[in-house]
Amino acid sequence: MYAQLVETGAKKVPTLAEMTPEEQAFQAKIDAGIKIEAKDWMPEGYRKTLVRQISQHAHSEIVGQLPEGNWITRAPSLKRKSILLAKVQDEGGHGLYLYSAAETLGVSREQMVDDLHAGKARYSSIFNYPTLTWADMGAIGWLVDGAAIINQIPLCRCSFGPYARAMVRICKEESFHQRQGYDIMISLMRGTAAQQAMAQDALNRWWWPSLMMFGPSDAESINSAQSAQWGIKLFSNDELRQKMVDQTVPQAEHLGLRIPDPDLKWNEERGHYDFGAIERDEFYSVLKGNGPCNKERLATRVKAHEDGAWFRDALMAHAEKRAARAGKAA
Ligand code: 3HC
């Protein structure tokens, strides 16, 4: 995949001959599938790429709690409420795992959170869309967590040990997230005409933003080639997007839902679905902060962080007091 990316004109990456002896030895470990651990020597660019990607992944998990949190108090039954509550709590845990994995690279939690709040660090575009009906809970679990699984299973085999290990448990929990979403869509499609229309409306609104989760096209991806050479990205953005479409279309057909893409067609020769291109302008506009909910999401995160400052301070004071007492006793 990496060689193909270089041909597509993505950001050029150094050839072995252009690397220092240390970088060549590092690349040999990557190519041999040897995991890189936090204390190992690594090129500064590798460290920076991982801090960027893992912290943005963590931010996505935390901000991703907001769209679904909006429906916990309005779930249609106690069963659905407890399932959604468990899912939203899981996402918080995923964020903490990932912040911890990023911290092994020498960046502090405070710095990462400050970068998010200052708009210097991203989170996934998908969380900048509103959740308008209960069917959105189904579409998010089915499509967004479905996309996350496709993107994250390869990360369980990525070259950086702490990230790969964090992803194993996260992917197991994502499978539950996707299953419960699909189960909501099944219930709605077995319901009234109004419920079926609600499910179709949710698919119409979430289909394309879910495909945007995989990033820009390979030709426009600035990081893919280097991330591929470093064994961080095992498949390209377009390969994973294709996998998502191939997997999801039969699921939609089973539900009796129509995918909102007039270009969608099975291509026997390719053995894949042909489908339309993501809306570039919309994608980059959301990345620039102009999506439907960007401002609201960030403001909510900043307010929650500020409102929780007293609690963090109390925890720190308590921990310092205990440490001082333990010091005295020793
Ligand atoms: N949303 C926001 N930014 C995006 C994006 C998206 N959907 N897709 C790409 N970008 C950004 C990249 O961060 C990069 O910008 P940067 O250099 O300033 O960080 C730029 O667009 C170019 O994209 P590239 O393809 O060159 O960047 P990457 O190689 O980093 O690929 C990625 C982007 C595929 C998202 C990759 O970072 C990745 O696999 N990240 C790990 C998985 C992840 O973060 N998933 C987010 C969703 S988390 C989630 O779904 C939670 C679940 O519980 C629902």
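**Briefing: a predicted chain and its ligand**

A polar atom in the side chain of Asp 40 sits 2.8 Å from the backbone nitrogen of Glu 37. That pair counts as a polar contact, meaning N or O atoms within 3.5 Å; within protein, one has to be able to donate a hydrogen and the other to accept it, and residues adjacent in sequence count only if both atoms are side-chain atoms. The model is a predicted one, where local features need pLDDT of at least 70 and side-chain atom pairs count only at pLDDT 80 or more, while totals for chains, interfaces and linings use all residues. Numbering runs from 1 along each chain as its sequence is written, and side-chain values use heavy atoms, with hydrogens and water left out.

**The chain as a whole**

- The protein chain has 14 helices and two strands; these are DSSP runs numbered from the N terminus, with helices (H or I) of at least four residues and strands (E) of at least two.
- A compact globule of 330 residues would have a radius of gyration near 20 Å, and this chain agrees because its own value is 21 Å. That radius is taken over C-alpha atoms, and the globule rule is 2.2 Å times the number of residues to the power 0.38.
- The C-alpha trace spans about 70 × 55 × 35 Å along its principal axes.
- Of the 330 residues, 47% count as buried, where buried means under 20% relative accessible area, exposed means over 50%, and partly exposed is in between (1.4 Å probe, protein chains only).
- The chain's accessible surface comes to about 16300 Å², and carbon and sulfur atoms account for 58% of that. Such areas come from the Shrake-Rupley method with a 1.4 Å probe; for residues, only the protein chains shown count as cover.
- Take the contacts between residues at least 6 apart in sequence: 77% of them join residues at least 24 apart. Contact here means heavy atoms within 4.5 Å.

**Around the ligand**

- There are 32 residues around the ligand, and Glu 91, Ser 125, Glu 174, Asn 223 and Lys 233 come nearest. A residue belongs to this shell if one of its heavy atoms lies within 4 Å of the molecule.
- Gln 56 has a polar side-chain atom 3.2 Å from an oxygen atom of the ligand, and Glu 61 likewise puts a polar side-chain atom 3.2 Å from a ligand oxygen.
- With Ile 222 it's the backbone: one of its polar atoms there is 3.0 Å from an oxygen atom of the ligand.
- On its own, the ligand has 1000 Å² of accessible area, and the protein covers 90% of it.
- The largest share comes from α3, with six residues.
- Sorted by class, the shell has 13 nonpolar, twelve polar and seven charged residues.

- Asp 40 is in the loop between α2 (21-31) and α3, and with a relative accessible area of 26% it is partly exposed.
- Neighbours within four places in sequence aside, Asp 40 is in contact with Lys 29 and Lys 35.
- Phe 26 is 14 residues from Asp 40 along the chain, and their C-alpha atoms are 9.3 Å apart.
- Glu 37 turns up again here: its side chain joins that of Arg 165 in a polar contact of 2.7 Å. Arg 165 itself is in helix α8.
- Arg 165 and Leu 155 are ten residues apart along the chain, with 9.0 Å between their C-alpha atoms.

- Thr 131 is in the loop between α6 (109-117) and α7, and it counts as buried because its relative accessibility is 7%.
- The side chain of Thr 131 makes a polar contact of 3.0 Å with that of Asn 70. Beyond four places in sequence, the contacts of Thr 131 also include Pro 67, Trp 71, Ile 140 and Trp 206.
- Arg 190, in the loop between α8 and α9 (193-212), is exposed, with a relative accessible area of 73%. Leu 255 is 65 residues from Arg 190 in sequence, yet 8.9 Å from it in space, C-alpha to C-alpha.
- Leu 234 is in the loop between α10 (224-229) and α11 (237-255), and at 28% relative accessibility it counts as partly exposed. Leu 234 and Ile 153 are 81 residues apart in sequence and 10.0 Å apart in space, C-alpha to C-alpha.

Definitions and conventions. Ala, Val, Leu, Ile, Met, Phe, Trp, Tyr, Cys and Pro count as nonpolar, Asp, Glu, Lys and Arg as charged, and the others, Gly among them, as polar.
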